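Trainee: I have a structure open and would like to go through it with you. Could we take it one topic at a time?

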Amino acid sequence: MRYFPTFMQLRERRVLVAGGGETALRKGRLLAKAGADLVFVAPAMDADLIAAFPSAAFIKRGFEPDDLSGARLVFAANDDEELDRSIVEAARAAGVPANAVDQPDLCDFITPSIVDRGDVVVAISTAGSAPVLGRSLRARIEALLPQRMSDLAALARAFRPAVAARIAGGPARRRFWERVFSGPVAERALAGDAPGAREAMVRALNAPQTEDEAGVVHIVGAGPGDPELLTLKALRILQEADVVLHDNLVDDAILELVRRDADRIYVGKKKSDHSLPQSEIGELMIRLAQEGKRVVRLKGGDPFVFGRGGEELEALRAAGVDAFVVPGVTAALGCAAETGAPLTHRDHAQSVTFVTGHAAGGGSPDIDWAALASPAMTLVFYMSVSTADDIARNLIAHGRAGSTPVAIVENGSRANQKIVKGALRDLPGLVKAGEVKGPAIVLVGDVAQFADGRGLLDLVDQSTERPAAIFERAYA
Ligand code: SAH
């Protein structure tokens, strides 16, 4: 973050605008919306400018440092770099934050693009790096925010004291507001039915606050890493959470989306570092829910694919806790999409199987290898980096060709994604040569030949035009 975002109270505060033309007019309009006491200073003033601000003060002469006295902010808006620079320097000497319009290098603060819905304002800045991107973001947010959002916010403001008097603070009051903003009150306000919205609000306030204070647990799939792969439902639940329990497969970029005030609890686990045993995670969730909290158990990928979501759900239900599951994009799907390798293909693969490469007590995974021998079946191995050798040996021993294409995808959909391609017989060598540490999936089958894209490693030895010598062709 290069600039610190704030919203400033300017109502009845003096703001100096140095300039008398179009640029000063534009800035003045925005400042007037925030209720600033405007003072313009310039030797010449456009008639438009004077007409636009009936209650502003106009000083018709060149800027003098004394003009800054009592000003909260100053805008140098003369479209004249030298003049604007001297004003900014005078402002700095006087300790007044200054902005030179369209000259970011001179500015103490910059003004964002805004989406204005009355009390609801979204400000967007790209710190001057990409104004066009800023504008396109603004267009998207404009489309997202109903025009009457301002009416809804105004209604909420009017009822704040009544709500505070009637409903105890903390989670109960927050939940009340959540119901307001997602129920009939919001629907009516956004549809332009102000009396109907008020009526619904009064009804909600007078209704007995029966909503039981029992908490709830959502077991939520976070997807493989890219926050854009979250479902809309996951995003909403993250923003309503009181507590989030997460493990190391969940990307920081996704944790950023959790409601700011929510507690975050790291519960492990890497293969060898079980920060909290499974039973304790279950007990913790149950206890938090029984305290009335909205608990989110956030898991990498999908909770029901090698995620132990089933066990957690069972434990919660056995304890009588309300529990729900929100699916996520499992690693196999995320990696397939990222690399362009389809998991099924009319010409190459009629089925796909997700397999764990992890052996419960270490050693070789206990898998029905014969069932995986069909050449028309795509296999996706999870947790398989350390057992690549077993996988290649057993698949070949049970009839899959050593030349079957494989692709290892590490950190799929993340910034540090890596793709390593080759043949099944070289799998352990590929893991070694690609320095794959995981999390990674191993894709086995004809479709793996299509894997391509961001992070693809070229492991061909340029001098021999053959795969680098490190490969062991042990099972040919
Ligand atoms: N529930 C998760 C899987 C958890 S098991 C899901 O549905 O994806 C952990 C394994 O998932 C890792 O060993 C790895 O095989 C795989 N995995 C998770 N995230 C991944 C990613 N971004 N890229 C590649 N593999 C990933």
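Trainee: Is Cys 107 buried or exposed?
Mentor: Cys 107 counts as buried because its relative accessibility is 13%. Buried means under 20% relative accessible area, exposed means over 50%, and partly exposed lies in between, with a 1.4 Å probe and protein chains only. Please note that this is a predicted model, in which local features need pLDDT of at least 70 and side-chain atom pairs count only at pLDDT 80 or more, while totals for chains, interfaces and linings use all residues. Residues are numbered from 1 along each chain as its sequence is written, and side-chain values use heavy atoms, with hydrogens and water left out.

Trainee: And Cys 335, buried or exposed?
Mentor: Cys 335 is also buried, because its relative accessibility is 4%.

Trainee: How many disulfides does the structure hold?
Mentor: The structure holds 0 disulfides, a disulfide being a pair of cysteine sulfur atoms within 2.5 Å.

Trainee: Let us change topic. Which residues are closest to the ligand?
Mentor: The closest are Asp 302, Val 305, Thr 330, Gly 412 and Ala 440, and 18 residues surround the ligand. A residue counts as near if one of its heavy atoms lies within 4 Å of the molecule.

Trainee: What does Thr 330 do there, in terms of distance?
Mentor: One of its polar side-chain atoms is 2.6 Å from an oxygen atom of the ligand. For Ala 331, a backbone N or O atom is 2.9 Å from a ligand oxygen atom. Gly 412 places a polar backbone atom 2.8 Å from a nitrogen atom of the ligand.

Trainee: Now the backbone. Where is the cis peptide bond?
Mentor: The cis bond joins Gly 438 and Pro 439, with omega of about 0°. Pro 439 sits in the loop between α15 (427-433) and β17 (440-444); helices (H or I, at least four residues) and strands (E, at least two) are DSSP runs, numbered from the N terminus.

Trainee: What is the phi of Phe 306?
Mentor: Phe 306 has a positive phi of about 45°, although it is not a glycine. This residue belongs to the loop between β11 (294-299) and α12 (309-318). Its relative accessible area is 37%, so Phe 306 is partly exposed.

Trainee: What about Met 383?
Mentor: Met 383, not a glycine either, has a positive phi of about 45°. Met 383 is in the loop between β14 (377-382) and α14 (388-397), and it counts as partly exposed because its relative accessibility is 39%.

How values were computed
Polar contact = N/O pair within 3.5 Å; in protein donor to acceptor, adjacent residues only side chain to side chain.
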